[in-house]
2 protein chains.
Amino acid sequence: MAAGSEKGAAENAVYVGTKPVMNYVLAAITQFNEGGNEVVLKARGKAISRAVDVAEILRNRFIQGLVPKNIAIGTEEVQTESGDKINVSTIEIVLGKS
Amino acid sequence: MAAGSEKGAAENAVYVGTKPVMNYVLAAITQFNEGGNEVVLKARGKAISRAVDVAEILRNRFIQGLVPKNIAIGTEEVQTESGDKINVSTIEIVLGKS
């Protein structure tokens, strides 16, 4: 499991949560250094803005020629601890070298 | 100035800030009812996740056939009150009827 990821990371995904932004930046850089051509940043709810920060920091400061190949938004139903179901927004940002 | 917008709204843009989500949902619905085919949701920093919420609520609850035509992310330099310059992430979500 990569340093900055929140869950058991699927393939080339970095799950952006509530940790400091640079954790996720580092996790993504690690994925690229392991030979991947694309990294998918995934986030839900309030972490969505942090995922955009991660993408922008990677592009502007660390990896030249990195571009957002696709950005998708969606909605997921999540069960709260009290058993209620609430909707949360999601984002997926596919970053690749141009 | 539309009810939910933060700044003097340019053309068909809705600037998503710190007000309740439904303010911006209403502002966007108003734009569509005035005859527009597209609405652009714009947000910076922590308001980015709220902009995604606005888009998803519009799509899932209010306007049938509404799809994100384009989603762009970027970085803007902002001057703080103390004169420092900081970078903030931005998002633009173009919503249109399919």
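Hi everyone, let me start with a definition: the expected span of a helix is 1.5 Å times one less than its number of residues. Keep that in mind for helix α1 of chain B, residues 21-33. With 13 residues, α1(B) reaches 19 Å from its first C-alpha to its last, close to the 18 Å expected. Before I go on, please remember that this is a predicted model.

Let's stay with α1(B) for a moment. Which of its residues are buried? They are B:Y24, B:V25, B:A27, B:A28, B:I29, B:Q31 and B:F32. These buried residues pack against β1, β2, α2, β3 and β4 of chain B. After the helix comes B:G35, and the phi of B:G35 is positive, near 110°.

The 16 residues of α2(B) should span 22 Å at 1.5 Å a residue, and its end C-alpha atoms are 21 Å apart, so the two values agree. The buried residues here are B:A47, B:I48, B:S49, B:A51, B:V52, B:V54, B:A55, B:E56, B:I57 and B:L58.

One residue of α2 in chain B that I'd like to show you is B:D53. Is B:D53 buried, partly exposed or exposed? Buried means under 20% relative accessible area and exposed means over 50%, with partly exposed in between. B:D53 has 24% relative accessibility, so it counts as partly exposed. If we leave aside neighbours within four places in sequence, B:D53 is in contact with A:S89 and B:V21. B:V21 is 32 residues away from B:D53 along the chain, yet their C-alpha atoms are separated by 7.3 Å.

Over to chain A, then. Chain A has two helices and four strands, and along the sequence they follow the pattern β-α-β-α-β-β. It has 98 residues, and 45% of them count as buried. Take the contacts in chain A between residues at least 6 apart in sequence: 58% of those join residues at least 24 apart. The chain exposes about 5300 Å², with carbon and sulfur atoms supplying 45% of that.

In α2(A), 16 residues reach 21 Å from first C-alpha to last, close to the expected 22 Å. Among its buried residues are A:I48, A:V52 and A:L58.

My example from chain A is A:T90, in strand β4. A:T90 has 12% relative accessibility and therefore counts as buried. What does A:T90 touch, leaving aside its neighbours within four places in sequence? The list is A:A43, A:R44, A:I48, A:A72, A:I73, A:G74, A:T75, A:E76 and, from chain B, B:V52. As for A:G65, it is 25 residues from A:T90 in sequence and 26 Å away in space, C-alpha to C-alpha.

Last topic: pockets. Rolling a probe the size of a water molecule over the atoms shows where empty space is left. The largest pocket here has a volume of about 850 Å³. Its lining has 38 residues, and B:V16, B:K46, B:A47, B:S49 and B:R50 lie nearest the centre. By type, the lining divides into 12 nonpolar, 12 polar and 14 charged residues.

Technical notes
Residues numbered from 1 in each chain as written. Chains lettered and ligands numbered in written order. Predicted model: local features only at pLDDT ≥ 70, side-chain atom pairs only at ≥ 80, totals over all residues. Heavy atoms only, no water. 1 Å grid on protein atoms, 1.4 Å probe; cavity = no way out; pocket = protein on both sides within 12 Å on 5 of 7 lines; lining within 4 Å. Points joined across faces, edges and corners; volume = space filled by probe spheres on them. Nonpolar A, V, L, I, M, F, W, Y, C, P; charged D, E, K, R; others polar. Buried < 20%, exposed > 50% of the residue type's maximum accessible area, 1.4 Å probe, protein only. Contact = heavy atoms within 4.5 Å. Areas by Shrake-Rupley, 256 points an atom, 1.4 Å probe, with all protein chains shown as cover.
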